[in-house]
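Have the sequence and the coordinates open as you read.

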Amino acid sequence: MELELKQLRDRCLTDLNDVEELKTLDNVRIKYLGKKGELTIALKGMGKLSSEERPIIGKLANEIREEIENNISAQKQLLEHKEIEAQIREESIDVSLPGKKHLAGNLHPLTTTVNELKEIFLGMGFSIAEGPEIEWAKYNFDYLNVPQDHSARDLQDTFYYQDDIVLRTQTSPVQVRVMQEQKPPLRIISPGRVYRCDEIDATHSPVFHQMEGLVIDKGITMSDLKGTLDLFAKKLFGEQTKTKFRPHQFYFTEPSAEMDVTCFKCGGVGCKVCSNTGWIEILGCGMVHPNVLRLCGIDPDEYSGFAFGMGLDRITLTKYGITDLRLLFENDLRFLAQFK
Ligand code: DAH
């Protein structure tokens with residue numbers, strides 16, 4: 001029994017020595033001194049001993065228990081000390097290290113353009129309308145008075161999801177949604193993403209951005225269109241900017257026009273930005289076609305209105321003098337970080 005107890009003590013001391021973390025120290029205590037611990041069990045066997053042996057072994061057992069307990073508390077102190085030291089080491093600050101840089105982001109130039117446009121039109125009393133990018137073909141074409149056989153409907157130009165669902169090719173279907181859902185007077189803009197089957201190059205992308213505008217009220221005329229869009233151009237490109245309206249053709253407006261602005265770079269003299277013409281084409285516009293009003297549930301004898309649509313990517317490229325459309329979509333930080 002004596003030998004057995006001494007072996008138990010040696011095993012326990014080795015175990016204690018191996019403990020490296022405070023959390024596992026208690027496991028050793030339980031293993032030897034716990035209710036079902038090895039020493040406790042060994043002592044239960046003392047009943048079998050002779051009356052001479054019992055006090056001797058009892059004394060030894062007590063000594064061993066004390067020794068183990070002392071060792072446990074010594075090991076505990078040691079480990080506590082080690083942990084505190086490790087913590088201090090970890091938390092100390094090396095003042096000679098370079099500081100951590102917090103990178104401040106900036107808005108994408110396209111976002112800046114959209115924000116500027118919104119600001120201008122909100123200031124003129126417009127509100128913002130939204131529509132889905134996956135759109136009913138009838139909203140993208142039919143309600144906008146686009147003929148059944150028009151080439152824009154071709155598979156080469158439009159991404160069809162199924163016969164009657166497309167990726168919208170323009171923001172104009174939002175006009176339809178607004179006219180069908182709300183009562184005039186209406187004054188909305190709608191910026192967003194549009195899609196066309198184009199190969200990617202410096203001036204084309206299958207996904208790009210437009211902003212639509214629509215005004216419907218009693219007695220709206222072409223002068224309202226010209227006044228509004230001229231003011232918009234002056235706010236975006238500067239007071240000195242002049243505008244010019246060239247006749248054009250859109251199915252959803254009659255009459256239709258394209259608006260040019262004097263080049264903000266050369267003021268109209270001619271330079272690289274405006275390809276030496278002095279003018280930059282900015283948007284398409286016109287008086288909303290009576291057919292469109294009718295198809296959207298608005299009586300053309302009571303109401304009239306104008307609409308416009310502009311390419312946001314083109315405006316952004318022109319404004320910043322960027323020559324390749326792809327830069328807007330590649331998310332290269334070396335490019336984007338220049339717009340801080
Ligand atoms: N949706 C036309 C396009 O993608 C742009 C446009 C022109 C919109 C005239 C209009 C408009 O609302 O009146 O080319």
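## Around the ligand

A polar side-chain atom of Gln210 sits 2.9 Å from an oxygen atom of the ligand. That's a polar contact, meaning a pair of N or O atoms within 3.5 Å; within protein, one must be able to donate a hydrogen and the other to accept it, and residues adjacent in sequence count only if both atoms are side-chain atoms. Before going on, a word on the source: this is a predicted model, where local features need pLDDT of at least 70 and side-chain atom pairs count only at pLDDT 80 or more, while totals for chains, interfaces and linings use all residues. Residues are numbered from 1 along each chain as its sequence is written, and side-chain values use heavy atoms, with hydrogens and water left out.

| Side chain | Ligand atom | Distance |
|---|---|---|
| Gln170 | nitrogen | 2.7 Å |
| Gln210 | oxygen | 2.9 Å |
| Glu212 | oxygen | 2.5 Å |

On its own the ligand has 350 Å² of accessible area, and the protein covers 88% of that (Shrake-Rupley method, 1.4 Å probe). The shell holds 15 residues, with Gln170, Ser172, Gln175, Gln210 and Glu212 the closest; a residue is in if one of its heavy atoms lies within 4 Å of the ligand. Five of the shell residues are nonpolar, eight polar and two charged, with Gly counted as polar. β6, β9 (279-288) and β10 each supply at least two of the shell residues.

## The sheet and its helices

Those strands belong to an open sheet of seven, in the order β1-β5-β6-β10-β9-β8-β7, with mixed pairing. Strands are DSSP E runs of at least two residues, helices H or I runs of at least four, numbered from the N terminus, and two strands pair if DSSP finds at least two bridges between them. At the edges, β1 (127-128) and β7 (243-250) each pair on one side only. β6 (207-217) and β10 (304-311) run antiparallel over eight bridges, with Gly213 partnered by Phe308 in β10.

Helix α5 (109-123) lies across β1, β5 (186-195), β6 and β10, at about 165 degrees to β5. Axes are lines fitted to C-alpha atoms, for helices over the stretch in contact, and angles run from 0 to 180 degrees between N-to-C directions.

## A loop to check

Asp324 is in the loop between α10 (312-320) and α11 (333-336). Its side chain makes a 2.8 Å polar contact with that of Arg326. Beyond its neighbours within four places in sequence, Asp324 touches Asp201, Ala202 and Leu317, contact being heavy atoms within 4.5 Å.
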